[in-house]
Amino acid sequence: MTTTAPTFDTSNSLTDHDNPTTNRLRVVFAGTPEFAAISLESLIKQQAALNIEIVAVYTQPDRKAGRGQKLSASAVKEVALTHDIAVEQPVTFKKSSAEGLAARQTLRTYQPDVMIVAAYGLILPIGVLETPTHGCLNIHASLLPRWRGAAPIHRALLAGDDETGITIMQMDKGLDTGDMLYKVSESIASDDTAASLHDKMAALGATAISTVLKDLPTYQDQAIAQDDSQANYAEKLVKTEGEVDWSQPAAAIERQIRGLTPWPGAYTFLAGQRVKVLASLPVNTSQQTNEPAGTVISVGRKAILVACGKESDAESSATILAITHLQFAGGKPMTAEQVCHGNQLNDGDQFTSETK
């Protein structure tokens with residue numbers, strides 16, 4: 001049975017400036033990691049300017065983290081507690097369980113006008129999506145429908161996209177399939193990593209959701225449906241994606257390094273030992289080689305040159321990757337110059353894509 005949204009008199013909730021305190025838009029915020037915390041912090045500071053009141057924050061239950069495996073609060077929870085905002089941490093909203101039914105009832109007691117969702121990590125059933133008067137809005141780190149799913153920032157880098165951005169979306173029961181209320185783009189720099197692009201998207205997301213909340217009825221009235229034919233699924237990252245396949249072109253490997261920094265990180269093997277590939281230079285297409293893929297061509301002070309695969313079957317020579325930072329098993333991160341002055345890597349050594 002679908003939960004029915006409570007009925008409120010909201011005719012003046014967004015436009016009545018005569019009594020802004022009593023007519024503020026009641027907002028519930030749902031998110032978990034730092035990406036979401038940036039938007040939450042921004043909204044808290046702008047409550048008066050946006051004529052909103054953040055009445056509760058929803059986030060994932062505390063998780064064990066670190067070597068001591070101590071329970072750790074999410075970034076969003078820490079922000080909420082700092083500002084004395086009520087925090088809810090349900091494990092489910094499924095109506096098939098007592099916990100889920102209780103979570104739905106708790107949400108209704110907050111009488112939300114709108115729910116802002118950013119990297120929450122918990123599935124919201126249709127009954128939850130329909131509880132707020134104006135539904136649920138998602139801050140999504142992609143120019144939808146380009147990348148739907150869990151890892152849009154990483155997938156944009158891995159695919160070699162020139163730009164990405166933020167979409168404020170009206171959530172529906174599909175996976176990032178809802179109508180688009182607002183989009184803002186951001187160029188992807190040649191040296192962007194998943195970490196740096198994450199920070200850009202977090203800041204952009206905070207600005208975008210504020211823009212929409214300033215005139216929510218208009219943005220909802222002008223919502224645009226997504227073109228499903230243009231959608232790609234941004235699958236969640238797994239550790240094994242970090243393993244470098246040296247038969248791939250250097251450009252693809254260079255994107256892999258940036259797209260998987262800081263996690264799970266790119267890695268290869270040397271004489272059976274794992275070596276992390278931390279950073280490299282943009283690919284110089286004029287540099288080519290006939291050495292087998294994975295061969296260390298030169299260990300220099302500025303870069304370690306490694307043979308990669310061909311750009312295409314039509315090419316006679318293969319591409320070269322210039323690595324600037326490595327980390328050997330059990331050691332600290334090292335620059336190419338530090339590697340050059342040591343004895344852990346030599347010209348002619350062979351990187352492999354699996355232990356041998």
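Buried, in this notebook, means under 20% relative accessible area, exposed means over 50%, and partly exposed lies in between (1.4 Å probe, protein chains only).

**Ground rules**

I am working with a predicted model, where local features need pLDDT of at least 70, side-chain atom pairs count only at pLDDT 80 or more, and totals for chains, interfaces and linings use all residues. I number residues from 1 along each chain as its sequence is written, and side-chain values use heavy atoms, with hydrogens and water left out.

**The whole chain**

I looked up the secondary structure and found ten helices and 19 strands. Helices (H or I, at least four residues) and strands (E, at least two) are DSSP runs, numbered from the N terminus. The C-alpha atoms fill a box of roughly 75 × 45 × 40 Å, taken along the principal axes. Of the 356 residues, 47% count as buried. I then turned to contacts, meaning heavy atoms within 4.5 Å. Among contacts with a separation of 6 or more, 67% come from residues 24 or more positions apart.

**Aromatic rings**

I pair rings of Phe, Tyr and Trp (its six-membered ring) if their centres lie within 6.5 Å; planes under 30 degrees apart count as stacked, over 60 as edge-to-face and the rest as tilted. How many aromatic pairs does this rule give? I get five. In one of them, Tyr58 and Tyr110 sit edge-to-face, 6.5 Å centre to centre with 80 degrees between the planes. Tyr58 belongs to strand 2 (residues 52-58) and Tyr110 to the loop between helix 4 (98-109) and strand 6 (114-118), so this pair ties together parts that are 52 residues apart in sequence. Tyr110 is buried, with a relative accessible area of 15%.

Next I checked Trp246 and Phe351: their ring centres are 5.6 Å apart and their planes are at 15 degrees, so I note the pair as stacked. Trp246 is in the loop between strand 11 (232-234) and helix 9, and Phe351 is in strand 19 (residues 351-352), so here the parts tied together are 105 residues apart in sequence. Trp246 is buried at 3%, and Phe351 counts as buried at 2%. I also found that Tyr58, Phe93 and Tyr110 form one aromatic cluster.

**Helix 9**

I followed the chain into the loop between helix 9 and strand 12, where Pro262 is found. The peptide bond from Thr261 to Pro262 is cis, with omega near 15 degrees. Pro264 lies in the loop between helix 9 and strand 12 too, and a cis peptide bond joins Trp263 and Pro264, with omega about 0 degrees.

**Pockets**

On a 1 Å grid over the protein atoms alone, a pocket is an open set of points where a 1.4 Å probe fits, with protein on both sides within 12 Å along at least five of seven lines; lining residues have an atom within 4 Å of a point.

The second largest pocket holds about 230 Å³ of space. Its lining includes Thr261, Pro262, Trp263 and Pro264, and also Tyr267 and Arg274. Strand 13 gives the largest share of this lining, four residues. I looked at Arg274 again: its charged end sits over the ring of Tyr267, 3.9 Å from the centre. (A charge sits over a ring if NZ of Lys or CZ of Arg is within 6 Å of the ring centre and within 35 degrees of the ring normal.)

The largest pocket holds about 1,400 Å³. Of its 40 lining residues, the closest to the centre are Ala119, Tyr120, Gly121, Gly149 and Ala150. I looked up Ala119 in the loop between strand 6 and helix 5. Phi of Ala119 is near 50 degrees, a positive value in a residue other than glycine. Is Ala119 buried, partly exposed or exposed? At 37% relative accessibility, Ala119 counts as partly exposed.

Key. Points joined across faces, edges and corners; volume = space filled by probe spheres on them.
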